[in-house]
Amino acid sequence: DGVAPGVGCLPGWEDVEILVIDLFTGMDGGGHAFEAAPASVQGKVAFVQFETDPYCRSLLRDKAGPRTVLSDMPDASGLVGSVLALVEDDSYLRQILSWPGRLRHVPRPGGSPCQGLSSVGMGRGFDDPRSALVWVVPVIRDIVVSIVPVSVGHLLENVKSMDDADRDAISRIMGSSPQVVDAAEVAACSRPRLFWNSMGHVSVE
């Protein structure tokens, strides 16, 4: 039916305190980050993932643990796993947030599509509908806060090579300035990225 089971329907989710609404999940970078957290934190975390790419969805399904739900909710165009489904119909968010548990925090990591913003792309900026999806991040925050009184944070990532005007537009949307983090600090490759973060300092560690 396109709707993932509510959190309250899943065994073992009763003690969840941190529900990660993982936008643009991709290869699950957010999940990998939480794997480095202390065991005491990992035992309190659950994930709801949103991804449209069929290859990524296949990998995510293979990797999914008992506290992970990959959204099968389609948007108005029929695209399964789209973040647009969350703003087109907030009943999905109401379903995954409305259970008598111990929920305290709702972080929302995500790397919004960079095809229109990257220097190696077509240079369409926000005229590329994929890159324009960044606007859903604060909208989803407002919907979550209207449903349940919890701490809601974001960690948005995108390419550093974007135009200054596009970077400033995202900063206005997110209400903060980005921080530059480069994988070259810990790996044998340079991948400078911008992070808009409401949850504290971002570190490659």
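What follows is a walk through those rings and a neighbour.

Reply: Happy to! This is a predicted model, where local features need pLDDT of at least 70, side-chain atom pairs count only at pLDDT 80 or more, and totals for chains, interfaces and linings use all residues. Residues are numbered from 1 along each chain as its sequence is written, and side-chain values use heavy atoms, leaving out hydrogens and water.

The structure holds two aromatic pairs (Phe, Tyr or six-membered Trp rings with centres within 6.5 Å; planes under 30 degrees apart are stacked, over 60 edge-to-face, the rest tilted). In one, the ring centres of F34 and F47 are 5.6 Å apart and the planes meet at 80°, so this pair is edge-to-face. F34 belongs to helix α1 and F47 to strand β2, so the pair ties together parts 13 residues apart in sequence (DSSP runs: helices are H or I, at least four residues; strands are E, at least two). F34 is partly exposed at 21% relative accessibility, while F47 is buried at 12% (buried is under 20%, exposed over 50%, partly exposed in between, with a 1.4 Å probe and protein chains only).

The other pair, F50 and Y92, is also edge-to-face, with 5.8 Å between centres and 70° between planes. It links distant parts of the chain, 42 residues apart: F50 sits in the loop between β2 and α3, and Y92 in helix α5. Both F50 and Y92 are buried.

Now follow F50 to a neighbour: L23 is in contact with F50, and its other partners include V83, L86 and I140 (heavy atoms within 4.5 Å; neighbours within four places in sequence are left aside).
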